[in-house]
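Q: I have this model open and want to go through it piece by piece. Can you take some questions as I look?

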Amino acid sequence: MRNKNVILTLLVILGLICAYNLYYTYEVFSIENELDAMTPEQRSEKFKEEGFAESYKTARKNAMSLGLDLKGGMFVTLEIGVDDVLRGMADNTTDTLFNNAINLAKQRKQNSTATFVDLFVKAIRELDPKVKLASYFTSKENNITYSTADDEVIKILKSESDAAIDRTFQIIRTRIDQFGVTSPNIQLQSGTGRILLELPGVKDAERVRNLLKNTAKLEFWETVPIQQSAQYLDKINQRLKELKGLVVDSSLTTADSTAKDSSMAKADSSNKDLDKVLGNTASASSTNAGDTAGMTDEQKAEKFLAENPLFKVLKFDNNIKANSPVFGFANPLDTQQVNAYLNDPEIRSILPDNYKFLWTAKPENGSQFLALVIVKNTSDGMAPLDGGAIERARPDFDENRRPSVSMSMNTEGAQIWKKMTESNVGNSIAIVLDNLVHSYPTVNNVIATGQSQITGNFTNEESEDLANLLKAGKLPAPARIEGEEIVGPTLGESNVNQGLLSFILGFFGVITFMVLYYRQSGIIANVALLINLFFLLGVSAAFNIVLTLPGMAAIVLTMGMAVDANVLIFERVREELLLGRTLKAAIASGFKNAFSSIMDSNITTFLTGVVLFAFGIGPIKGFAVGLMIGIITSLIAALFVTRLILEYMIERGYVNIAFGTQASTKFFNKIDLKMVARRKYFYYFSGALTIMSIVCIVAFGFKLGVDFKGGRQYIVEFNKETNVEQIREDLAVVFKSAPIIKTIGNANQLMITTSYKIEDTNASDEALQLLVASLNKNYGTTVDDVIRTSTVGPTVASDITRSAMNSVIFALLIIFLYVLMRFRRWQFSLGALASLAHDVIIMLGIYSLFGYLDVLPFSLEIDQSFIAAVLTVIGYSVNDTVIVYDRVREDLHEIKSKGYRYIFDLAMNQTLSRTTITSLTTILSALILLIFGGEVIRGFMFAMLIGITFGTYSSVFIASALTYDLLHKDKVPDGLDRQ
């Protein structure tokens, strides 16, 4: 072996690097286990200890961490609203053409990879070919004049939208860092406007949703006191009575039961002027109530509400102070109806132009009602003061020791704040965040210091989050949650235990087989396998890889596939020994002759991993990274570590190293497949399987997972026997349609899938509460029993579907080109491609059939994990095929006088032992993962088992046979034998 000392030195350096990073991984796991056992207050105190935060940060930079499926947590897909960026640049125009183009672009975005700006430009030009883009975006801020050419405008729009996306990404990252998530993984998907977040350990999902989607647009508005606005209550009500039947259907309201709420009762007012106004309003509204003689109070109230549309949904309180900006109160479910009334053009004509209505963020004073506050709108619609003036924000407590947020303003903001407070002494100023009023404090005196405070019935966590939002800054564009997945800590712990068990069993299964089959050389291969595992984990830690359950599956599969290189080498050494070579010469020739096959086979699998990484998201990327790192470390272990050990033993006098038992050595030598002569039988068999698979696919279709069709999916754990049909009927009532329910794993776990309000990105919590409330009646189910939730919006589902198709097509194309490059004949590429298509079709057919029969105790939905399995099988199958092709090329070089028939048969027989052994070790690993690996990856491993089985079969009996037939003539082509 050349340069032995250099290679040994490099291996030692690699080992030290791995040991260094694995030490920090151990340190981080120890610290995080300690932190997990603490309360939030104790964790806060721990980080204040001198040196702790810095040492933890250093360890974190050099360590591997657990993903959310192993630790529990939340995976979120955020989509940044580029449409809102364009609207803002167009000064929120109400132009019909502009808004129709925006809506059309949003529709097309669901099925397009083009940028939103390009889709918008195309849409507006379709609607009006003569449109001039600058007419909508002319402003100094945009650096666009009316004469700016369309191409330049498009360039500016793209630049601004990209900048908004980048700023949003940085602000989201800052918010997550301030939130204190351990080892968050945040990625910006270029060209899509999406941000992917993995947040291990997160327990409060709703708090995270608010942290992510709130734009943190802080505004300060002057208000209109009720003593000025109360006169319009009766005017609005009277006009609504005239227009009755022409506005939003009153059946949308629910207010009858809230009319008698004590907090809204009409009591005597201490303010006589205001009492007079409100009293006149009430009496005027009831003058047309008709004869109420003989009615009970309940009947009178119902008649009053039926005849007064506004007061059915908007309540008023005579106890309110005259300077209060509250126009009325409404049940949260009635706010839509109130908005519809107040936005009606007929009603707006009654009100002053500068009246702007905003709802409070929370119910008032412990009641169930939201307050409707009137603020004074400006001519340009912009608040007199906004969050840009805030320099510092921190959680605090008000004079009553209730949580609040204190703020300090910059010099310009302080001057504006002084003027606002000076002109509003005795009145209120509304503090508005994301168009919701959080507080409307009364100004008692002029504030010249630029200090202010936001109150609003906050919890401690809410005040901390609001302060963090303000410190991080306002999002330049809204971020919508298009998909999310939540893994409970119980499921995470279960996944860790199942993953470790499957890893240990898979590892010991492989090393036991190697010892039994190869004896002493098998022990050497196992030592290399252990070093390979050490390198794999160490390199993963060095690159801060987040270890996921699919990542653990990749490691287990890598252990099964890692023996492939050693098997190729050992089989070649055997051949050399049978030719009478010495052990030292046989080992040298074995490594030399196996090198080409080893590199070709691993490169094709590595390319598949690259495709998986490029097109996959979340856990699929974790699988791809584990697969690629495993391939690299496996090559290092087999080509260098194994050889160094073998040569060391020979130098120390070990000249009788066994490379198998007598039985294993002779077994495959007696087999003669005569594949070429029998190929038609395999064609018939494969043709029948392929046709049956296509029939199943057409007849039964597939069970699409939420990744591809969109929807909400929950895994619920019950503590007693369940009645699935009754649960389906109960949930059909609350979800408005019957959900799909499947028993998985243990009989006490159900997977429930529904499309309830999937278009509404804010309905996740509502859907979960409806699910829990329905199940709680018969099973006592709580939120903690929902151990996994997953939500995928239709836009994300469309993109995932397109990405999956592209990944499979691209993988097939890249393998076709690689085989063509290596063997220089299209017949070899086409034979490999046909074989891969054969494997994929049969996988799909079996999945379709068993998905339709629904007889297996795990999910057979087509999701991203299935696509990952398809791509992995493609890489594995072509791995086998390329090894046969390599042997064909070598034999052509050695025995040119023989024809294709002899050479193909010979190559098949020569590689049969390697193909069988590698397949057995990989199938053993996959089978152990299927049985012990946990519910999350069982469907994935089932697909892998099908693929590996048929991939091995097709590489032996289909790919090579097709290549033989495509070459047509029994003659060796020039150039094929060149290495």
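Q: Where does Phe932 lie?
A: Phe932 lies in helix α33. This is a predicted model, so everything below is computed from predicted coordinates.

Q: Is Phe932 buried or partly exposed?
A: Phe932 counts as partly exposed, because its relative accessibility is 32%.

Q: Which residues form the nonpolar patch on the surface?
A: The patch is made of Leu501, Leu505, Leu927, Ile931 and Phe932. Together these residues have about 390 Å² of accessible area.

Q: And which elements give two or more residues to that patch?
A: Those are α20, residues 489-518, and α33, residues 900-932. The largest share comes from α33, with 3 residues.

Q: Change of topic. How many cavities of 30 Å³ or more does the structure hold?
A: There are 10 cavities of that size in the structure.

Q: What volume does the second largest cavity have?
A: Its volume is about 100 Å³.

Q: What lines the second largest cavity?
A: The lining has 13 residues. Leu568, Arg572, Arg887, Gln910 and Thr911 are the ones nearest the centre of the cavity.

Q: Which elements give two or more residues to that lining?
A: Four helices are on that list: α22 (549-578), α23 (583-615), α32 (864-894) and α33.

Q: Now salt bridges. How many does the structure hold?
A: It holds 31 salt bridges.

Q: Start with Arg643. Which residue does Arg643 form a salt bridge with?
A: Arg643 pairs with Glu647, and the closest N and O atoms are 3.0 Å apart.

Q: Why are Arg643 and Glu647 separated by about one helical turn?
A: Because they are 4 residues apart in helix α24, which covers residues 619-651.

Q: Which residues do salt bridges with shared partners join into one network?
A: Asp83, Asp84, Arg87, Lys106 and Arg480 are joined that way.

Q: How far apart are the closest N and O atoms of Arg87 and Asp83?
A: They are 3.3 Å apart, and the two residues form a salt bridge. Arg87 and Asp83 are 4 residues apart in helix α5 (residues 82-89), so about one helical turn separates them.

Q: What are the relative accessible areas of Arg87 and Asp83?
A: Arg87 has 18% and is buried. The cut-off for buried is under 20%. Asp83 has 3% and is buried too.

Q: What about Arg581, which residue does it bridge to?
A: Arg581 forms a salt bridge with Glu576, with the closest N and O atoms 2.4 Å apart. Arg581 is partly exposed, at a relative accessible area of 43%, whereas Glu576 is buried, at 7%.

Q: Backbone next. What is phi of Asp434?
A: Phi of Asp434 is near 55°, a positive value in a residue other than glycine. Most residues other than glycine have a negative phi.

Q: Where does Asp434 lie?
A: Asp434 is in the loop between β12 (429-433) and β13 (436-439). Asp434 counts as buried, because its relative accessibility is 19%.

Q: And what is phi of Arg519?
A: Arg519 has a positive phi of about 60° and is not a glycine. The loop between α20 and α21 (520-542) is where Arg519 sits. At 43% relative accessibility, Arg519 counts as partly exposed.

Q: Which residue follows α31?
A: Asp854 follows α31, and the phi of Asp854 is positive, near 55°.

Q: How many residues does helix α31 have, and what span does it reach?
A: Helix α31 takes in residues 826-853, which is 28 residues. From first C-alpha to last, α31 reaches 40 Å, close to the 40 Å expected at 1.5 Å a residue.

Q: Last one. Where is Pro200 found?
A: Pro200 is in strand β4, residues 194-200. Pro200 is buried, with a relative accessible area of 5%.

Q: How far apart are Pro200 and Ile486 in space and in sequence?
A: C-alpha to C-alpha, Pro200 and Ile486 are 9.6 Å apart, and in sequence they are 286 residues apart.

How values were computed
Residues are numbered from 1 along each chain as its sequence is written. This is a predicted model: local features need pLDDT of at least 70, side-chain atom pairs count only at pLDDT 80 or more; totals for chains, interfaces and linings use all residues. Side-chain values use heavy atoms; hydrogens and water are left out. Patches are made of residues with over 30% relative accessible area and no salt bridge: like charges are joined within 9 Å, nonpolar side chains (Val, Leu, Ile, Met, Phe, Trp, Tyr) within 5 Å. Accessible areas come from the Shrake-Rupley method with a 1.4 Å probe; for residues, only the protein chains shown count as cover. A salt bridge is a side-chain nitrogen of Lys or Arg within 4 Å of a carboxyl oxygen of Asp or Glu. Buried means under 20% relative accessible area, exposed over 50%, partly exposed in between (1.4 Å probe, protein chains only). The expected span of a helix is 1.5 Å times one less than its number of residues. On a 1 Å grid over the protein atoms alone, a cavity is a set of points where a 1.4 Å probe fits but cannot get out, and a pocket is an open set with protein on both sides within 12 Å along at least five of seven lines; lining residues have an atom within 4 Å of a point. Grid points are joined across faces, edges and corners, and a volume is the space filled by probe spheres set on the points.
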